[in-house]
Structure formats: structure tokens, C-alpha cells
Amino acid sequence: MLDHVPFLPYVLSAFIGIGLAAATGFRVFLPMFAVSLASYLHWIPTNESFEWLSGLPTLITTGIATVAEILAYYIPFIDHLLDTISVPMATVAGSVLFASQFADLGTFPQWALALIAGGGTAATISSGFAGLRAASTATTGGLGNSVVGTTETAGAGIMTVLAMAMPILAGIFAIILVILVVVYGRKAWRKLRSKKNVVNNT
């Protein structure tokens, strides 16, 4: 019955793309490694434009990068250094993974949609957790950063699996995450500004 629903493939592709983009907001390389592995093992189809994702060089490179990224977030100072570059890297990775689901749209609409939806989702979640890590450092002296790092890795893994196995659920979770990051991020920013104003007035 669902086969006759208009634009269903595009809707599913959008949910998969948003789910994968959200996963890159947690960890940049883990979702790319998972997609590369699944493509390499022929568990999921790969469009001709993104055959490089299923290649052995990409699989090895993203696998090494995934392990390095996960471990690096448990090293003090290095985790903050990664936070400074995680947002642009997540934006690129999220855009690529989102675009891989819409290769038949044409170059311009494909990448415009990928940058807005995929890159925007990844960047929002990545910046939210970078802010959470900064707050953890300020309140716990960095002791709570390992908890944040573990949560990010788990979130990346869960979102990646959901995006490929249950894309609609992954898309819904991704949208909820973006809303939560925006709402609570604005509240945190207002509190920070109010504290600065109080300090400046005293």
C-alpha cells in the first residue's frame, strides 16, 4: 500500500539523511564509517555518485578516524581543541551524508538541500554539545567531560543505526534534538548575558 504513496522515497530519504546528519553532530566520523561499512558489505545500496563511500580506502580511513576521534575526546585540552573544529567538520559530513540520499535530484537542489537540512542539523547538534562540554568544564573542572563524550559516542551510534534501520524514528528524534538544542541554547545564552550585565554593573 505504501508503494503507491506519492514522493514516499523522497520522504524516507529525507528521514535517513536527517538521521545521519544528526549522528554526525555527535561524532563526525562514526556515521560515515557505519555507512561506508554497510555499503561495502552491500547491506545498503549506494548511488553511483557516492560509490567512493563503499570503497575499501574510505572504509579504512573512516575507521581509523572514528577510533581516533572517540579516544581524543577523553583527553583533556584535546577535547576542547576538537570542539573548535567539530562544528564545521560536522556540517560538511552531515551535508555529504544527506546529499548521498538525494543524488537523483540534480546537483544544485541536491547540495542546497543537503547544506540546509543536513549541514544545519549537524551543526546545531554539534554546537549544542560543544556548549555542554564547556559548561561541564566550568562546573566540574573537566571531570564531567568524559560523561559528555560517552553520551556523544552513544548518541552517534544510536542515531546511525536508527537512520538505516528505522529512518522515520531517526528523523523524528533528530528534529526533537534540534528543537531542544535551540530552545535550551537560547535560554543558556540569555542567562550568560544577564550574568555579564550584572558583573559589568557592579
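1. Position of A65. In this predicted model, A65 belongs to helix α3, which covers residues 56-72. A65 has a relative accessible area of 18%, so it counts as buried, the cut-off being under 20%. V28 lies 37 residues from A65 in sequence, and the two C-alpha atoms are 9.0 Å apart in space.

2. Nonpolar core. The largest nonpolar core has 31 residues, and the members that touch the most others are F26, M32, F50, F98 and M159. Two or more residues each come from α1 (8-26), α2 (29-40), α4 (78-99), α5 (107-140), α6 (145-165) and α7 (167-201). Helix α4 provides the largest share of this core, with six residues.

3. Surroundings of F50. F50 is buried, because its relative accessibility is 4%. Leaving aside residues up to four places away in sequence, F50 touches V96, A99, S100, A103, Q110 and W111.

4. Aromatic pairs. How many aromatic pairs does the structure hold? There are four. In the pair of F50 and W111, the ring centres are 6.3 Å apart and the planes stand at 40 degrees, so the pair is classed as tilted. This pair links distant parts of the chain, with F50 in the loop between α2 and α3 and W111 in helix α5, 61 residues apart. W111 has a relative accessible area of 36% and is therefore partly exposed. F50 and W111 also belong to one aromatic cluster with W52.

5. Helix α6. The buried residues of α6 include N145, V148, E152, G155, M159, L162 and A163. As a general point, an α-helix has 3.6 residues a turn, so residues three or four places apart point the same way.

6. Salt bridge of E152 and R27. Side chains of opposite charge can pair when their charged atoms come close. The structure holds three salt bridges. One of them joins E152 and R27, with an N to O distance of 3.0 Å. E152 lies in helix α6 and R27 in the loop between α1 and α2, so that the pair links distant parts of the chain, 125 residues apart. Are these two residues buried or exposed? E152 counts as buried because its relative accessibility is 3%, and R27 counts as buried because its relative accessibility is 0%.

7. Ring contact of R27. R27 also has an aromatic neighbour: its charged end sits over the ring of Y73, 4.0 Å from the ring centre.

8. Salt bridges of R133. R133 forms a salt bridge with D83, where the closest N and O atoms are 2.6 Å apart. D83 is in helix α4 and R133 in helix α5, so this pair ties together parts that are 50 residues apart in sequence. D83 is buried at 12% relative accessibility, and R133 is buried at 0%. R133 also meets E152 in a salt bridge, at 2.5 Å from N to O. Here helix α5 holds R133 and helix α6 holds E152, so the pair ties together parts 19 residues apart in sequence.

Technical notes. Residues numbered from 1 in each chain as written. Predicted model: local features only at pLDDT ≥ 70, side-chain atom pairs only at ≥ 80, totals over all residues. Heavy atoms only, no water. Core = buried A, V, L, I, M, F, W, Y, C linked by side-chain atoms within 4.5 Å. Buried < 20%, exposed > 50% of the residue type's maximum accessible area, 1.4 Å probe, protein only. Helix = DSSP H or I, 4+ residues; strand = E, 2+ residues; numbered from the N terminus. Contact = heavy atoms within 4.5 Å. Phe/Tyr/Trp six-rings, centres within 6.5 Å; stacked < 30°, edge-to-face > 60°. Lys NZ or Arg CZ within 6 Å of the ring centre and 35° of its normal. Salt bridge = Lys/Arg side-chain N within 4 Å of Asp/Glu carboxyl O.
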